[in-house]
Each structure stands twice: as C-alpha cells, then as structure tokens.
Amino acid sequence: MIKAVIFDLDGVIVSTDEYHYKAWKFMSEKENIEFDRSINHRLRGVSRMESLHIILEKAKKVYTTEEKVKLAQIKNDYYVESLKNINESDILPGVLEVLSALKSNGIKIAIGSSSRNAKLILNRIKLTDQFEAIADGTDIKNSKPAPDVFLVAAVKLGIDPSECLVVEDAEAGIKAAKRAGMFGFAVGDAKKSQEADYKAEDIKELINVVLNNVK
Ligand code: B16
Ligand code: MG
C-alpha cells in the first residue's frame, strides 16, 4: 500500500543538471582540472563534497581539506548565482499534474533531495507550499545511495517507509530508496537501475501506479 510519494528534486521536479555542470566546469577550469560531461554524469544525486572528490580524481595535486572547502564554495557561489535564472517555467513536464492528482487522492507528498539548495530551488519555482515535508542535504550526513534523506522524509511525514514510493532520476537514488525499504520509481537515467520497482518514460505513469496501490 502506498500512502506517500517522495520526490527527488534535481532531475525529477526541475532540471538543474546543466547549472551544476557549468558551475563545476568553472571551478575545474580555474584549477586546471580535466572535467567533462561523462565525469559530470557520475555526480547525479551525489552530495557536493562527494562530487568534488570525484572531480579531484583528475587533479594533479593533493588538496588540503581547507582548499577543498574553498573549491566547493567557488562551485556553489557560481551555481547559486545561476539559480537566479530559474522560475516556474522550469518545472519539468507532467510534474504539476502528478502532484495535483496525488493530493486530490489523499496521498502525502514530500521532497527527498541531496541538495543543500533544495529550499532555494523550491522557492524559485514556487512549489515550497505543495510539499508536506522537505528532507534535503541539510538534514543528513550520508547522501544517496545511503537511505538517510528518504528516511528523514518518511519520519517528517509520519508514514512507514514500507508505504512510501520514491521517484528518482539517479541510480544512486533508487539504491537509496531500496535501502530505505521503499518502492523505487525510476525516470530518466535511473531507468538503468536493476533495482527499480517501476520504470517510466513519462512521470505521469506514476498516477496509475500509486492509485492502483492505495489499498
Ligand atoms: P548542492 P538531488 C543533487 O540533488 C544533485 O543531483 C547533485 O548533482 C548535487 O551534487 C547534489 O544535489 C548536491 O547539491 O551542491 O546544491 O547541495 O538530485 O538529490 O535533488
Ligand atoms: Mg536527481
């Protein structure tokens, strides 16, 4: 039985991938570190510091913790500045329809995002009030594929993990959902996951999946 749906943010509700890519590219070029889209691909759903560690695999020097914090700050400043460009028109197709169908059928909805900028993004796209709970990078120590962010969302909603379905675009996110004991609904890149319970071309397929599992 599904009583709640927990949505990943980046790549599911809104596409900020390109902004993350450009911000990491800016930082990498400053440091003369090789960085391309295939490396960027590995950063999907992964926290900011873990993303930096992946990028630094190509670095020619060893960075101190202090230097790493500065690099992450350079990336984030650039990224946050670019978020000024996003608004309601950046909400991905089908999302508003899905949210409204779930709400009118009494299904609770939450956000489970690795991003420490999740609330800023939700404010920019004017969706903050739509969600009964928001769990993000500021609530957790271990990011996806650890289950933490989804477990926090379930606690905030007051729903047992076994009655939650997670919508994700990253394989790490589907892994996190399964580790949390939840159903995993994969869109986009996450469709490669072997662990997903459902895979969809169109997020609107979620409506039938949930409504067929409410009893
Ligand atoms: P920030 P999600 C993730 O968000 C992004 O997919 C990932 O690329 C990013 O590194 C991570 O948030 C941390 O973001 O630097 O803003 O804290 O997909 O879990 O909503
Ligand atoms: Mg994502």
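The protein chain splits into domain 1 (4–15 + 90–211) and domain 2 (17–85), with bounds from an automatic or database domain assignment. Their centres, taken over C-alpha atoms, lie 24 Å apart. The contact draws 16 residues from domain 1 and 16 residues from domain 2; contact here means heavy atoms within 4.5 Å.

This is a predicted model, where local features need pLDDT of at least 70, side-chain atom pairs count only at pLDDT 80 or more, and totals for chains, interfaces and linings use all residues. Residues are numbered from 1 along each chain as its sequence is written, chains are lettered from A and ligands numbered from 1 in the order in which they are written, and side-chain values use heavy atoms, leaving out hydrogens and water.

**Between the domains**

Domain 1 and domain 2 bury about 1,300 Å² between them. Carbon and sulfur atoms carry 45% of that area. Buried area is the accessible area (1.4 Å probe) that two parts lose on being put together, summed over both. In domain 1, Ser15, Asn117 and Arg124 lose the most area to domain 2. Together they make up 29% of what that side buries.

Ten residue pairs are in polar contact between the domains, both residues at pLDDT 80 or more. A polar contact is a pair of N or O atoms within 3.5 Å; within protein, one must be able to donate a hydrogen and the other to accept it, and residues adjacent in sequence count only if both atoms are side-chain atoms. Two salt bridges also link domain 1 and domain 2. Such a bridge puts a side-chain nitrogen of Lys or Arg within 4 Å of a carboxyl oxygen of Asp or Glu. The side chains of Asp189 and Arg44 form a salt bridge at 3.9 Å, N to O.

**Around ligand 1**

Ligand 1 is surrounded by 17 residues, each with a heavy atom within 4 Å. The closest are Val46, Ser113, Ser115, Arg116 and Asn117.

| Residue | Atom in the residue | Distance to a ligand 1 oxygen |
|---|---|---|
| Asp8 | polar side-chain atom | 2.9 Å |
| Ser114 | backbone N or O atom | 2.7 Å |
| Lys144 | polar side-chain atom | 2.9 Å |

Taken alone, ligand 1 exposes 470 Å², and the protein buries 97% of that. These areas come from the Shrake-Rupley method with a 1.4 Å probe; for residues, only the protein chains shown count as cover.
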